[in-house]
Amino acid sequence: GARTELLKIPVVVHIVWKENAENLNDSVIFNQIEILNKAFRLKNENRHDLRDIFKHLQADANIEFELVSINRVKTNISFEPTTRGRIDAVKKSITGGSNAKDPIKFMNIWICKILESRDYQLFGYAYPPSGMSNWPLGAEAPSQDLEGIVVDYRVVGNNNPNKFIISGNIYPMSGIIPIHEVGHYLGLRHIWGDGSALTGSVNSCNVDDGITDTPNQGEETPNTCNKVKNTCTDPTNELPDMLENYMDYSLQICMNTFTIGQVALMRSVLKKQRKLLAISTINEANVESNISIFPNPTSDFV
């Protein structure tokens, strides 16, 4: 088989907790890392649910995640999103959080309770790398020590005992939100291009996520799996909204895919903007190797 360069990202998890329920068990963290690895290697169980019209776009990113450590910090701070939907206080011990471990070489993930703000519940967020042409100016982290991903403790893993209840409704979480946030961290924008939110336009058909092979989409897919939804017409390449994409807002049960173009962008970020983050190994899973060692057993250099 062909040799593909496998990029491995070392991960440091910070659990910043106030109530016992927020102090997630190791097994939930291990489970989330496994979910990330399946998604970024296209080994997720629901990958076959992608509509045929999009199958040729589905890609294995050849990116894997390796858990280095879990830091637990008890806090007396409640983290409420600011006007920009950020809770960077969780990333600094001086403000009741946990300091990042070298964010140039490690992907830091902070897990805490994110308070519901007046009009919305934030599940998580991540800053894109700086200098991305597909993002608006100023989207990157205000400083390097704030690089990484923040998620609410209830969205981690699919074996998490904590349920997310908003206005009396249980939101089923399955470890998808951290995949979406890693996408942002590696340079991906929302598939609809954020037009309605950032430009004040009614829809996003006139803005783009900067990825050629994701269909133009007029708005997010809000918590549904509506596979007939088509918010933009494109005379050259008419496609419905790709709600199976991890960078939409559709129901987590129907998300299963990154496209070839999204994969290319994330891998290019790991070669440029985040080049010290990933450890490169040649993935020789398909390469047969017959190695004989003599003498066997041996205790010296081979």
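A charge is said to sit over a ring when NZ of Lys or CZ of Arg lies within 6 Å of the ring centre and within 35 degrees of the ring normal. The model is predicted: local features need pLDDT of at least 70, side-chain atom pairs count only at pLDDT 80 or more, and totals for chains, interfaces and linings use all residues. Residues are numbered from 1 along each chain as its sequence is written, and side-chain values use heavy atoms, with hydrogens and water left out.

**Exercise 1. Charges over rings**

Task: Find which residue lies over the face of W135, and at what distance from the ring centre.

Solution: 
- Step 1. R189 lies over the face of W135, at 5.3 Å from the ring centre.
- Step 2. In another such case, the charged end of R274 is placed over the ring of Y185, 3.9 Å from its centre.

**Exercise 2. Aromatic pairs**

Task: State how many aromatic pairs the structure holds, then describe the pair of F40 and F65.

Solution: 
- Step 1. Rings of Phe, Tyr and Trp (its six-membered ring) pair if their centres lie within 6.5 Å; planes under 30 degrees apart are stacked, over 60 edge-to-face, and the rest tilted.
- Step 2. The structure holds seven aromatic pairs.
- Step 3. For F40 and F65 the ring centres are 5.0 Å apart and the planes stand at 75 degrees, so this pair is edge-to-face.
- Step 4. Helices (H or I, at least four residues) and strands (E, at least two) are DSSP runs, numbered from the N terminus. F40 belongs to helix α1 (residues 26-40) and F65 to strand β2 (residues 63-74), so that the pair links distant parts of the chain, 25 residues apart.
- Step 5. Buried means under 20% relative accessible area, exposed over 50%, and partly exposed in between (1.4 Å probe, protein chains only). F40 and F65 are both buried.
- Step 6. Y125 and Y127 also form an edge-to-face pair, with 5.9 Å from centre to centre and 90 degrees between the planes. Y125 is buried at a relative accessible area of 4%, and Y127 is buried at 2%.
- Step 7. One aromatic cluster is made up of F40, F65, Y246 and F258.

**Exercise 3. The nonpolar cores**

Task: Name the residues that touch the most other members of the largest nonpolar core, and the element that gives the most to this core.

Solution: 
- Step 1. A nonpolar core is a set of buried Ala, Val, Leu, Ile, Met, Phe, Trp, Tyr and Cys residues joined through side-chain atoms within 4.5 Å.
- Step 2. The largest core has 52 residues, and F40, I63, F65, M107, I111 and L186 touch the most other members.
- Step 3. Elements that give two or more residues to this core include β1 (4-17), β3 (107-112), α2 (176-185) and α4 (260-271). Helix α1 gives the most, with seven residues.
- Step 4. Contact means heavy atoms within 4.5 Å.
- Step 5. V16, F79, I87 and Y125 are included in a second, separate core of 13 residues.

**Exercise 4. Salt bridges**

Task: State how many salt bridges the structure holds, and where the partners E64 and R41 lie.

Solution: 
- Step 1. A salt bridge is a side-chain nitrogen of Lys or Arg within 4 Å of a carboxyl oxygen of Asp or Glu. The structure holds 15 of them.
- Step 2. E64 bridges to R41, with the closest N and O atoms 2.8 Å apart. E64 lies in strand β2 and R41 in the loop between α1 and β2, so the pair ties together parts 23 residues apart in sequence. Both E64 and R41 are buried.
- Step 3. E244 and R51 also meet in a salt bridge, at 2.8 Å from N to O. E244 is in the loop between α3 (195-198) and α4, while R51 is in the loop between α1 and β2, 193 residues apart.
- Step 4. E244 is buried at 0% relative accessibility, and R51 is buried at 14%.

**Exercise 5. Helix α2**

Task: Determine how many residues of α2 are buried, and what covers them.

Solution: 
- Step 1. Ten of the ten residues of α2 are buried, so this helix is largely enclosed by the rest of the structure.
- Step 2. The cover of these buried residues includes α1, β2, β3, β4 (124-126), β5 and α4.
- Step 3. After α2 comes G187, whose phi is positive, near 100 degrees.
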